[in-house]
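The following paragraphs lead the reader through a structure, element by element. Please keep the sequence and the coordinates at hand.

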Amino acid sequence: MPNSVILFLSIHHVLAAEKVFKEHGLWLDVVPVPRGLSSECGMAIEFHSDDLARVGRLLQACQIKVRGVFRPCVDGYREVRG
Amino acid sequence: MIYLDHAATSWPKPRAVGEEIARWLTELTANAGRSGHQASLASARLVFQTRERLAELLGVAHSEDLIFTHGATEGLNLVLKGLLTPGDRVLVSPLEHNAVMRPLATLVRERHITLQTLPADPWGRIDLEATRRVVRSGPYALAVVAHSSNVSGAVQDLAGLHDALNHTPLLVDAAQTAGVLPISIESAGIDFLACSVHKGLLGPSGLGLCYLSPRYDLLPLVEGGTGSHSESFEQPGFRPDRYESGTLNLHGIAGTCGALQDLTQRGLLGEHQQHLCQLLIDGLATVPGLRLHSPADGTALCVSLNLAEMPPESLALRLEREFGILCRPGLHCAPAAHQHLGTFPAGTVRLSPGWGNTIQDMETAIRAIHALATNG
């Protein structure tokens, strides 16, 4: 299954999430924001779509602010958490 | 040469400070949070990791509440000008630096705030019982207190003060104590704190920190590009971006990262600094004509003095020219403190030891002042 993507408010929150994900053994990649998701020129986090539920719990528990979590679909991405 | 001006800025710096700055100057360095490439990401990681280490050191749970500034002065301005509104009443310690008194004077003029000086002992240490009585005449919008005076070296009891202030928001000027004394911002109930990194933290100049409690939403001092929400003309509402417009001082942050590596090995400076100050105080006790303006109970972080009728600038000049001792005479940008200590307008000579100074340095300074007092 293709990877899901999280957009954050700023690079600080990207790196805060990266730290937490690594501490919890989750695979991730910090990548430029996909053009199809935003006109922002910053960074986003890709993760295995299988980890979606775990990622959601971690973000909530650590109070990391996000702009949205997006799953790949036929015509691009679909937001699963705002 | 003996450098006794650490209250102005620290010297020497740990080797790691220069090494980290040089590394980030010579290797590919991009703008943190401004682009999607690996070099920008590496810079952003440096900023993030340094902020995280500082948050851990200062007892801050969420590092986004710790804002990078140009120095302690900017942080103090950010809080005072971002928080206070027309008609507010503000408590201040009697030992405040002009980094506090000048923005407050502007706010007295422009926003018609009023100031009330906190009651204190002759060294400027706040009288907590009397403060409780003052607070009952509130409410006050803010209390501003220097953790340690840059003139007398007196240290305030922040835990006792927090209790005495009875929920009055507290702004701490930690310019003289960050990296020197233990500070646990959130468990101590501190709402705002500002410091630089070039003094007790032994980092480079041009960088400071400002803690803003998440319970407050202050107006930013500066607005502009943040690398986030770029589609909007409005300043972001989230931290740290809300308060960090413009390119960060990345090389200052790199040097601070080096300083923090060293601090992990070295520990805080306070015990060493207080020991050296007490040696000075004890050794100078028998100098004829010497007037001491610092507490002699082992707590002072610097030593202020006058010698007979000798003007402070003359004493400092002779200490440098005849004995190679570098110190600072005058008002130390803190006329309010000198008014409280009774040393305004001439000021004092301040001897401020720090990292790298030795017991032998203190003995040399004591001998020098003895010689000047007895031989003229």
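**Confidence and conventions**

Chain B of this predicted model has an average pLDDT of 97, and 100% of its residues score at least 70; pLDDT is the predictor's confidence in each residue, from 0 to 100. The model as such scores ipTM 0.91 and pTM 0.96. Because the model is predicted, local features need pLDDT of at least 70 and side-chain atom pairs count only at pLDDT 80 or more, while totals for chains, interfaces and linings use all residues; side-chain values use heavy atoms, with hydrogens and water left out. Residues are numbered from 1 along each chain as its sequence is written, and chains are lettered from A and ligands numbered from 1 in the order in which they are written.

**Helix H6 of chain B**

Helix H6 of chain B spans residues 158-165; helices (H or I, at least four residues) and strands (E, at least two) are DSSP runs, numbered from the N terminus. Its buried residues are Leu158(B), Gly160(B), Leu161(B), Ala164(B) and Leu165(B). They lie on the same side of H6(B), because the arc that they cover around the axis is only 155°, taken from the directions from the helix axis to the C-beta atoms. Here, buried means under 20% relative accessible area, exposed over 50%, and partly exposed in between (1.4 Å probe, protein chains only). The cover over these residues includes, in chain B, strand S3 (89-92), helix H5 (128-136), strand S5 (142-146) and strand S6 (170-173).

Just after H6(B), Asn166(B) adopts a positive phi of about 50°.

**An open sheet and its helices**

Chain B also contains an open sheet of four strands, ordered S9-S10-S13-S12 with antiparallel pairing; two strands pair if DSSP finds at least two bridges between them. Strands S9 (290-292) and S12 (328-330) of chain B stand at the edges with a single partner strand each, so one side of each has no neighbour in the sheet. On average, neighbouring strands are turned by 30° against each other, direction ignored. S9(B) and S10(B) (residues 303-307) run antiparallel and are joined by three bridges, and Leu292(B) stands opposite Leu305(B) in S10(B).

Helix H8 (residues 270-284) of chain B packs on this sheet, touching S9, S10 and S13 (348-351) of chain B, and its direction makes about 25° with that of S10(B). Helix H11 (residues 359-375) of chain B likewise touches S9, S10 and S13 of chain B, at about 15° to the direction of S10(B). Contact means heavy atoms within 4.5 Å; axes are lines fitted to C-alpha atoms, for helices over the stretch in contact, and angles run from 0 to 180 degrees between N-to-C directions.

**Backbone exceptions**

Most residues other than glycine have a negative phi, and most peptide bonds are trans. A cis peptide bond joins Gly138(B) to Pro139(B), with omega about 15°; Pro139(B) lies in the loop between H5 and S5 of chain B. Leu202(B) has a positive phi of about 65° and is buried, with a relative accessible area of 1%.
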